[in-house]
Amino acid sequence: MADAQVSKYMLKLEVMPENEKLFGLCNLRILSRGDLGVKTVPFLLNKGLKVISVSAQNTELSFSQELTRFSDINDLIVNYVHVDLSPLPLSNNRLDLQIVYEGRIEPYANVFKYVQDRISEEYSLIRPDAFSYPVIGVPDFSKLIHMILSQTFEYELDISVPTHYVVANIGELVSREIKDDMIIYKYRSKLPSWRIDIAIARFETVYDDEKDIRIFALGGDVNHAERLLYETKRVLDFYIRNFGEPINWCGYTIIEIPSGWGSQADVCGMLLDKRSFVDKEAIGGLYHEIAHLWTIKTREKIPSRFLDEAFASYFQILAEKELLGKNLNAMLERARKRFIQMCQKTPLLADVPIIKYGEYKVTDAVYYIGVWVLYLLNKIVGEECFKELIKRFISEYAKEGATIEDFISTCIRTCGEYTKRFLNDWLLETRGAKLLISGEPESNIVQLYIKR
Ligand SMILES: [Zn+2]
């Protein structure tokens with residue numbers, strides 16, 4: 001199934017929080033460039049969910065299901081399902097599988113502390129982290145993560161719950177209809193994504209229809225929702241003023257999840273952990289996620305994370321300075337300190353250029369040194385040229401994605417040949433990292449590279 005991709009999910013769920021159970025019908029569309037060329041399709045489900053039937057093209061298909069341990073994470077147990085496709089015509093580049101399943105969602109907190117997902121009266125969460133809908137793949141974590149992150153799909157949701165619940169999702173709300181004693185929420189994805197998140201609770205919502213920003217708050221947190229709405233709007237304004245319109249604006253949705261359940265960012269919204277939702281001091285996290293709306297897709301073979309995390313982290317501190325009045329130098333020195341600590345812990349880090357961070361699995365450091373690279377570049381080329389560079393980089397590469405080399409060439413074309421030495425020292429070699437570690441004052445570093 002090398003070329004096969006999940007292209008669309010249609011999930012019809014009946015969720016009964018009182019009984020802690022769900023009943024699901026998942027329609028899964030798989031497309032492939034040539035013939036699918038496979039006799040079986042494997043998928044994974046939460047260990048508390050059981051498959052009842054599988055069919056395709058009006059043909060009932062046989063399948064096997066078995067609780068199975070991941071080969072590389074022994075405590076991770078899933079329902080591993082194999083569907084036999086042999087009754088179907090051999091030549092086929094499209095497969096519409098209908099999977100009927102039911103049961104409970106069991107948390108995986110023994111393996112991943114944040115995956116406390118379940119169906120309950122207080123809060124129900126359905127997301128891929130707990131395999132709460134069929135996820136095509138095999139029980140091998142490193143392979144699975146690669147498969148999941150490398151495909152995006154559209155989805156349609158049809159979720160029935162008792163009328164006193166609200167169903168939250170970051171997609172477009174198509175309709176909300178009461179039938180008997182149930183309420184049916186229909187959502188449609190706004191942009192293709194790699195994940196589906198469905199939260200069910202007694203949410204209160206605040207909404208800004210001018211900007212299409214929606215916030216789902218748990219009981220008692222609605223004042224925080226108002227604050228987050230205000231912060232989302234003003235940080236958006238700040239980024240737009242500086243760097244132009246975001247790449248794919250389609251509104252923004254924030255869904256509160258219980259403490260410790262783990263925030264997650266998606267294409268046009270996020271799940272936000274209660275701890276961050278109610279904490280005024282944690283607003284930098286929201287600034288960071290909103291900054292990702294300006295992230296260029298990477299075309300690097302092994303991503304260094306410079307193109308997404310360095311930019312989002314730098315935008316974040318600019319916003320914290322401007323909107324919260326924080327001291328930029330103090331934030332930079334904290335980032336420097338953190339980078340030095342990381343180098344002490346992993347000595348190899350000081351000898352790996354940023355462009356190779358992915359290869360050496362040290363991408364965590366890009367959040368700190370990346371901020372420095374962009375800050376220094378901003379200082380060296382000046383405010384106007386830096387903004388021009390960011391806008392040009394986005395307009396030239398938003399569609400097909402970019403590499404670090406593309407960023408370097410855009411910078412040289414926009415700001416001049418003299419920036420080459422800086423970009424080389426800081427991105428392609430380790431001279432920059434060494435200056436940072438040695439504690440060289442910022443003004444001295446800028447002097448080294450400034451246009452003469
Ligand atoms: Zn980020």
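This is a predicted model: local features need pLDDT of at least 70, side-chain atom pairs count only at pLDDT 80 or more; totals for chains, interfaces and linings use all residues.
Residues are numbered from 1 along each chain as its sequence is written. Local features need pLDDT of at least 70 and side-chain atom pairs count only at pLDDT 80 or more, while totals for chains, interfaces and linings use all residues. Helices are DSSP runs (H or I, at least four residues), numbered from the N terminus.

The axes of H7 and H8 come within 6 Å and cross at roughly 125°. Axes are lines fitted to C-alpha atoms over the stretch in contact, and angles run from 0 to 180 degrees between N-to-C directions. Leu377, Asn378 and Val381 of H7 meet Cys385, Phe386 and Leu389 of H8 (C-beta atoms, placed from the backbone, within 7 Å). This contact comprises 5 nonpolar residues, 1 polar and no charged.

H8 (residues 383–397) also crosses H9 (residues 404–415), at roughly 130°, with the axes within 9 Å. H8 is thus oblique to H9. On the H8 side, the contact includes Cys385 and Leu389. Among their partners in H9 are Phe407 and Cys411. The residues of this contact divide into 7 nonpolar, 2 polar and 4 charged.

In H10 (residues 420–428), Phe422, Leu423, Asp425, Trp426 and Leu427 are buried (20 or more other C-beta atoms within 10 Å of their own). They cover an arc of only 170° around the axis, which puts them on the same side of H10. The arc is that of the directions from the helix axis to the C-beta atoms. These buried residues pack against H7, H9, H11 and H12.

Note on methods: Helices (H or I, at least four residues) and strands (E, at least two) are DSSP runs, numbered from the N terminus. Angles under 35 degrees count as roughly parallel, over 145 as roughly antiparallel, 65 to 115 as roughly perpendicular and the rest as oblique. Two residues are in contact if their C-beta atoms, placed from the backbone, lie within 7 Å. Ala, Val, Leu, Ile, Met, Phe, Trp, Tyr, Cys and Pro count as nonpolar, Asp, Glu, Lys and Arg as charged, and the others, Gly among them, as polar. A residue is buried if 20 or more other C-beta atoms lie within 10 Å of its own, exposed if 12 or fewer, and partly exposed in between; C-beta atoms are placed from the backbone.
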